[in-house]
Amino acid sequence: MTIPLQFSHEVTKARAQKTPIVALESTIITHGMPYPQNVETAHRVQEMVRKNGATPATIAVLDGNLHIGLSDAQLEQLAKAKDVAKLSRADFAACLASGGTGATTVAATMIAAHLAGISVFATGGIGGVHRGAELDFDISADLHELAKTPVTVVAAGPKAILDVPKTLEVLETLGVSVITFKQNDIPSFWSRHSGLQSPLRMDCAGEIARAQILRMEMGLAGGQLVNNPIPKQAEIPQSELAPIIAQALNEAREQGIIAKSVTPFLLGRIFELTNGASLRSNIALVLNNARLAAEIACEFGKQA
Ligand code: PSU
Ligand code: MN
């Protein structure tokens with residue numbers, strides 16, 4: 001039996017010509033942003049990757065096929081679809097087996113990227129240790145995937161809805177390289193700063209690619225998390241967001257939201273409570289991450 005992989009035209013061409021490719025996830029499209037901003041953003045992110053010298057490969061499962069790169073029509077269909085599964089390591093293969101349709105989270109996108117020979121992946125923010133995880137054990141499978149799969153993930157830091165110090169502790173335990181781009185402290189998604197010291201700092205894309213290549217040559221499993229701070233003009237200061245996040249978290253608790261629904265619920269409520277400002281920031285940071293990921297992918301091409 002073989003994995004039902006389908007490559008888009010442009011990804012097929014990039015593979016044949018061995019030019020840089022950047023993987024992009026699809027949960028941010030189906031569960032992270034409302035329509036039509038989700039599909040508009042997906043197009044802009046793909047364009048940003050192309051403009052910076054790489055080919056975008058948006059990843060999703062459509063009718064039991066694992067797509068590496070989506071056509072415009074497939075992207076539109078996914079962005080509008082309701083009841084799309086949110087796939088992670090646990091349910092990825094089952095979705096393929098049952099002919100289902102699912103969006104890939106950071107964890108599932110890393111798995112797919114690795115299968116397709118793609119070393120770099122751009123997203124918004126990774127999942128992590130949720131606040132109160134000592135009671136409900138809600139720790140994103142994204143963290144374990146970073147420990148296992150050799151892909152460099154460019155994000156804007158752990159989402160501020162999480163317990164960021166605990167997320168950093170788990171990443172350290174799992175041996176994941178946590179690198180912040182061009183600053184000393186960890187960015188926290190909608191805000192540039194968290195005040196928490198980043199374990200590592202790098203200032204150039206070439207060094208980031210080299211560290212991943214050396215990691216693989218040394219036989220160290222797993223990838224790297226690159227935290228790329230949101231551009232200054234697009235950030236929402238932490239002090240402004242803190243009460244809104246607290247309210248969204250309270251509502252989630254009161255309404256008994258659990259498991260996979262927690263992150264989409266919180267992102268949706270924060271969007272409403274900030275009158276859409278959180279979405280504008282989210283779009284700006286994803287674009288910024290796509291640019292850096294393309295630069296890193298180009299460096300992989302030169303060094304590998
Ligand atoms: N980044 C965003 N929006 C999102 C996500 C990331 O800007 O919706 C998604 C990613 O797919 C990530 C997932 O893997 O949220 C984490 O979900 P959970 O906390 O349930 O593991
Ligand atoms: Mn979770």
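## The ligand shell

A residue is near a molecule if one of its heavy atoms lies within 4 Å of that molecule. In this predicted model, 18 residues surround ligand 1, and E25, K86, S140, D142 and T263 are the closest. By class, the shell has 4 nonpolar, 10 polar and 4 charged residues. Here Ala, Val, Leu, Ile, Met, Phe, Trp, Tyr, Cys and Pro count as nonpolar; Asp, Glu, Lys and Arg count as charged; the others, Gly among them, count as polar.

Helix 2 (27-32) and helix 12 (262-273) each give at least two shell residues. Helix 2 supplies the largest share, 3 residues. Helices are DSSP runs (H or I, at least four residues), numbered from the N terminus.

## Polar contacts

A polar contact is a pair of N or O atoms within 3.5 Å. The side chain of E25 has an N or O atom 2.6 Å from an oxygen atom of ligand 1. For V106, a backbone N or O atom lies 2.9 Å from a ligand 1 oxygen atom. The protein buries 94% of the 480 Å² that ligand 1 exposes when taken alone (Shrake-Rupley method, 1.4 Å probe).

## How it was computed

Residues are numbered from 1 along each chain as its sequence is written, while chains are lettered from A and ligands numbered from 1 in the order in which they are written. Local features need pLDDT of at least 70, side-chain atom pairs count only at pLDDT 80 or more, and totals for chains, interfaces and linings use all residues; side-chain values use heavy atoms, with hydrogens and water left out.

Notes:
Polar contact = N/O pair within 3.5 Å; in protein donor to acceptor, adjacent residues only side chain to side chain.
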